[in-house]
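Please read them with the structure open.

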Amino acid sequence: MDDQYDLLHHGDREVGDGLVDLAVNVRVPAPPDWLRHELAACLGELAAYPDVRAATEAIAARHGREPADVLPTAGAAEAFTLLAGAFGGGGAVVVHPQFTEPEAALRAAGRPVRRAVLRAADDFVLDPAAVPADAELVFVGNPTNPTSVLHPAATLRRLCRPGRLVVVDEAFLDAVPGEPESLAGQRLPGVVVVRSLTKTWGIAGLRAGYVLAEPAVVERLRALQPPWSVSTPAAVAMVACSRPVALAEAEALAGSAERDREVLVAGLRALGVDVAGTPRAPFVLVRIPGADRVRLALREVGYAVRRGDTFPGLGPDWLRIAVRAELDGFLDALGTVLARCA
Ligand SMILES: Cc1ncc(COP(=O)(O)O)c(C=O)c1O
């Protein structure tokens, strides 16, 4: 890597040792029972190669799209790799700070990458003018990890222009009640939406995500996708998690995450901690001078939070904290640590 950011660092490297995990953004500690049962029930079918047709149709129906608009993938991460390989040749721009895998995928594919870095002083709000006019492939997160900012759909649409693909990573949009500002439900020229089932359903180990795009884009990506890369259990999860009853459960989870986030943000502000932007996702980004010392001290008292300095555009004063229920103990611990580190 040619700069100081470790793009391959993820929150899972910061957990373990019995710490309370506020570093990883997977929202539940295990998949719900109904999903585990469906996964267990498909094990007898593993002798056959996977068939993603039912998953493709279920995802299309869930978003009001045509099956031709859908490509199931082995997580959102595979989608980034396919996009980098298929479309990264022209001039890719990654809007940072954001999840680092899209840039890592572009670099791994040997693609030239430029960064459009949003500023803390602007509350990490997207300004379409920050993206160079000649960018042919643009990656932006909505809501964005780690800033928690939700960009208006109208602003994202202003990024579109002939000859450009705008990739909107909506891996966390099902964690925002009502999925506002989503571009998933419409076939828009030049817009690619990436989704993940990892976070809401606690299935990071399963690898389940998908792309929604115009059929010609889907076909280019499919041509690069390794055969059978979406396993039978992942395809089963895609069908199960697209059902109205699952969507209602996701909506309820999103509502409780929103309430928990409000408690967390109020508690952080009461401690004098600077919370970035207007958080809308189930994590918050905070700026604390000397955050690295605070992070290490929190580990000593049992809490893992995500370092911010591996995200382009951030530095050693930033931390990301996952929203969980009942964070009173964490807020108490943080108060003690802040007093000690002051
Ligand atoms: C914003 C964002 N997009 C995508 C992913 C990857 O999702 P998946 O597990 O579906 O590959 C992550 C994982 O942390 C993420 O934070």
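1. About 80 Å³ of space lies in the largest cavity. A cavity is a set of points, on a 1 Å grid over the protein atoms alone, where a 1.4 Å probe fits but cannot get out. A volume is the space filled by probe spheres set on the points, which are joined across faces, edges and corners. The model is predicted: local features need pLDDT of at least 70 and side-chain atom pairs pLDDT 80 or more, while totals for chains, interfaces and linings use all residues. Residues are numbered from 1 along each chain as its sequence is written, and side-chain values use heavy atoms, without hydrogens and water.

2. Among the residues that line the largest cavity are Arg62, Asp174, Trp201 and Tyr210; lining residues have an atom within 4 Å of a point. Strand 7 (191-196) and helix 9 (244-270) are the elements that give two or more residues to this lining. Helices (H or I, at least four residues) and strands (E, at least two) are DSSP runs, numbered from the N terminus.

3. The search of the whole structure finds two cavities of 30 Å³ or more. In the second largest cavity there is about 50 Å³ of space. Its lining includes Gln98, Phe99, Asp169 and Phe172.

4. Which space does the ligand take? The ligand takes the space of the largest pocket, where a pocket is an open set with protein on both sides within 12 Å along at least five of seven lines. A molecule sits in a pocket if more than half of its atoms lie within 2 Å of its grid points. The largest pocket holds about 490 Å³ of space. Of its 26 lining residues, His10, Val26, Phe99, Thr198 and Lys199 lie nearest the centre. Helix 3 gives the most to this lining, four residues.

5. Around the ligand there are 13 residues, of which Asp169, Ser196, Thr198, Lys199 and Arg207 come nearest (a residue is near if one of its heavy atoms lies within 4 Å). Helix 3 also gives the largest share of this shell, four residues.

6. A polar side-chain atom of Asp169 lies 2.6 Å from a ligand nitrogen atom. Ligand oxygen atoms lie 2.7 Å from a polar side-chain atom of Ser196 and 2.6 Å from one of Arg207. The protein covers 89% of the 400 Å² of accessible area that the ligand has on its own (Shrake-Rupley method, 1.4 Å probe).

Note on methods. Polar contact = N/O pair within 3.5 Å; in protein donor to acceptor, adjacent residues only side chain to side chain.
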